[in-house]
Amino acid sequence: MNRAASGSPVRVAIIGAGKVSDYHHVPAIRLDPRATLVAACDASEELLRQRRSDWGIDYVTTDYEQICRDPNIDAVVIATPNFTHKSIAVAAALGGKHIMCEKPLGLNAAEVRAMYHAARDNRVVHMTAFTYRFAPSMRYLSHLVKSGAIGQPRHFRSQRFLDWPETSWGWRQYKAQAGAGDLFDMTIHRIDFAIDLMGPVERICGAVARFAPRDRTVDGKPCPPSEVDDWSCLIGEFQNGATGVWEGTTLAKGYEFKGFGHEWAEVNGSEGSAVYRLHMPNQIMLGKTGSDLAPVDVPAEFLKPAGSPRDPSVGEPATVFRYDLMWEFISAITEGRDAVPSFLDGLRAQTVADACLSSHERRTWIDIPDEPR
Ligand SMILES: NC(=O)c1ccc[n+]([C@@H]2O[C@H](COP(=O)([O-])OP(=O)(O)OC[C@H]3O[C@@H](n4cnc5c(N)ncnc54)[C@H](O)[C@@H]3O)[C@@H](O)[C@H]2O)c1
């Protein structure tokens, strides 16, 4: 039943009660009067004991199937390690739960396609947690590009440089659990917003590399070494004729920026250039021929989604826009519409990320299928 019609808050369960749920999703549910957190599921009983008090909930379980069958739950957030997303999402779709799932949606496009089909065929709202689409400057950049304000888009360029310790990433450094490293963790967000800004990707040439062995945990214990990339890179052509260049690394020493790292994404159009930077999300850099790029405040209507009670002047700007994902998810549920970005967007980005790995392996350009189905 449509919760909007009943006027009751959407009852949300968190599946995967780790870091991203604690930092992004639970504070976002708290901000939204149309939603209520009713349950948490995690594989760790110890963490669940902690979350009962952290999050003030009574209903905790280690069994995600129980959550997916529960008629008193309307929606789930899946924030578990990547290799578990598919089975949890399919169970949630079969149970009629609306789903927001963390990126990457799966280990490869075949998994993601199965998730998309399950959600679509069971008529539940499905959303991919592509966080950076919600940064105010990204929302404004998207408006500028799509309204033609910087002319015909010619180049997309993104850099995501992090200065992370070279110790173990836990599950994130094993192919069977993560799929890939920096590519699926970081660059996939930039593939997603590039497609949103520029349209479909026609072909790409990609490369990945691993430098750090990561054979020690943070507390110095030995562990199996990393199997995944800590640097990823693509060049590409969009169907509209524009070019794209993406580079991501977790090994950029000196790029701390209060823990947010360096992020720069820009579009060069025939009439001007516009730049999004994560650490200054309420400003955009704009430039025209004959002038230098200069910061401009993002207009008020782009600082948060329409109707959201979030005060954009409260909190760390590079953190608080992340709460807007939940606003979009709950809005899609209560308004009975598709969420943006959806699982189909997750599939489009996954198809390009998979092609990056194939391109690297085969040392060749890869054509991207027209529209994944
Ligand atoms: N959108 C973003 O900006 C963003 C940021 C961080 C992480 N993520 C994504 O979120 C997901 C989780 O990342 P994290 O940093 O919170 O990881 P994490 O390791 O802190 O948390 C994952 C949790 O899932 C639990 N878990 C594992 N298997 C489970 C199962 N079968 N059922 C229930 N719980 C299970 C673990 O016990 C752990 O507590 C990943 O897919 C990651 O890529 C996205």
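# Close-up views

**Glu-328 and its neighbours.** Leaving out residues up to four places away in sequence, Glu-328 touches Met-127, Phe-134, Arg-337, Asp-338, Ala-339 and Val-340; contact here means heavy atoms within 4.5 Å. Glu-328 sits in helix α11, residues 324–335. Helices (H or I, at least four residues) and strands (E, at least two) are DSSP runs, numbered from the N terminus. Glu-328 counts as buried because its relative accessibility is 12%; buried means under 20% relative accessible area, exposed over 50%, and partly exposed in between, using a 1.4 Å probe and protein chains only. A word on what you are looking at: this is a predicted model, in which local features need pLDDT of at least 70 and side-chain atom pairs count only at pLDDT 80 or more, while totals for chains, interfaces and linings use all residues. Residues are numbered from 1 along each chain as its sequence is written, and side-chain values use heavy atoms, with hydrogens and water left out.

**Strand β1, enclosed in the structure.** Welcome to residues 10–15: six of the six are buried, so β1 is largely enclosed by the rest of the structure. On one side lie Val-10, Val-12 and Ile-14, on the other Arg-11, Ala-13 and Ile-15, and both faces are covered. Strand β2 (residues 35–41) pairs with β1 in the parallel sense over six bridges; two strands pair if DSSP finds at least two bridges between them. Look for Ala-13 and you will find its bridge partner in β2, Ala-39.

**The six-stranded open sheet.** Follow the strands across in the order β3-β2-β1-β4-β5-β6, with parallel pairing. At the edges are β3 (60–61) and β6 (126–128), each pairing on one side only. Strands β4 (residues 75–78) and β5 (residues 98–101) are joined by four bridges in the parallel sense.

**The largest nonpolar core.** A nonpolar core is a set of buried Ala, Val, Leu, Ile, Met, Phe, Trp, Tyr and Cys residues joined through side-chain atoms within 4.5 Å. The largest one here has 76 residues, and those with the most contacts inside it are Leu-141, Phe-156, Leu-197, Tyr-276 and Phe-329. Helix α9 (residues 182–198) supplies the largest share of this core, nine residues. At least three residues come from each of domain 1 (3–131) and domain 2 (132–340 + 349–366); these domain bounds come from an automatic or database domain assignment. Zoom in on Leu-141 and, residues up to four places away in sequence aside, its contacts are Leu-197, Ala-265, Val-267, Ala-274, Tyr-276 and Ile-284. Another core lies apart from the largest one, with 27 residues that include Ile-67, Ala-89, Ile-99 and Phe-343. In soluble globular proteins, nonpolar side chains tend to be buried together.

**Aromatic pairs.** Rings of Phe, Tyr and Trp (its six-membered ring) pair if their centres lie within 6.5 Å; planes under 30 degrees apart count as stacked, over 60 as edge-to-face and the rest as tilted. By this rule there are eight aromatic pairs. One of them joins Phe-156 and Phe-193 edge-to-face, at 6.2 Å centre to centre with 65 degrees between the planes. This pair links distant parts of the chain, with Phe-156 in strand β7 (residues 153–161) and Phe-193 in helix α9, 37 residues apart. Both Phe-156 and Phe-193 are buried. Phe-161 is buried at 10% relative accessible area, whereas Tyr-255, at 31%, is partly exposed. Finally, Phe-156, Phe-193, Phe-238, Trp-246 and Tyr-276 make up one aromatic cluster.

**Arginines over rings.** A charge sits over a ring if NZ of Lys or CZ of Arg is within 6 Å of the ring centre and within 35 degrees of the ring normal. Arg-34 lies over the face of Trp-327, 3.5 Å from the ring centre. The charged end of Arg-120 is placed over the ring of Tyr-116, at 5.4 Å from its centre.

**Two cis peptide bonds.** The bond joining Lys-103 and Pro-104 is cis, with omega about -15 degrees, and Pro-104 lies in the loop between β5 and α6 (109–121). From Val-340 to Pro-341 the peptide bond is cis as well, with omega near 0 degrees; Pro-341 is in the loop between α11 and α12 (343–362).
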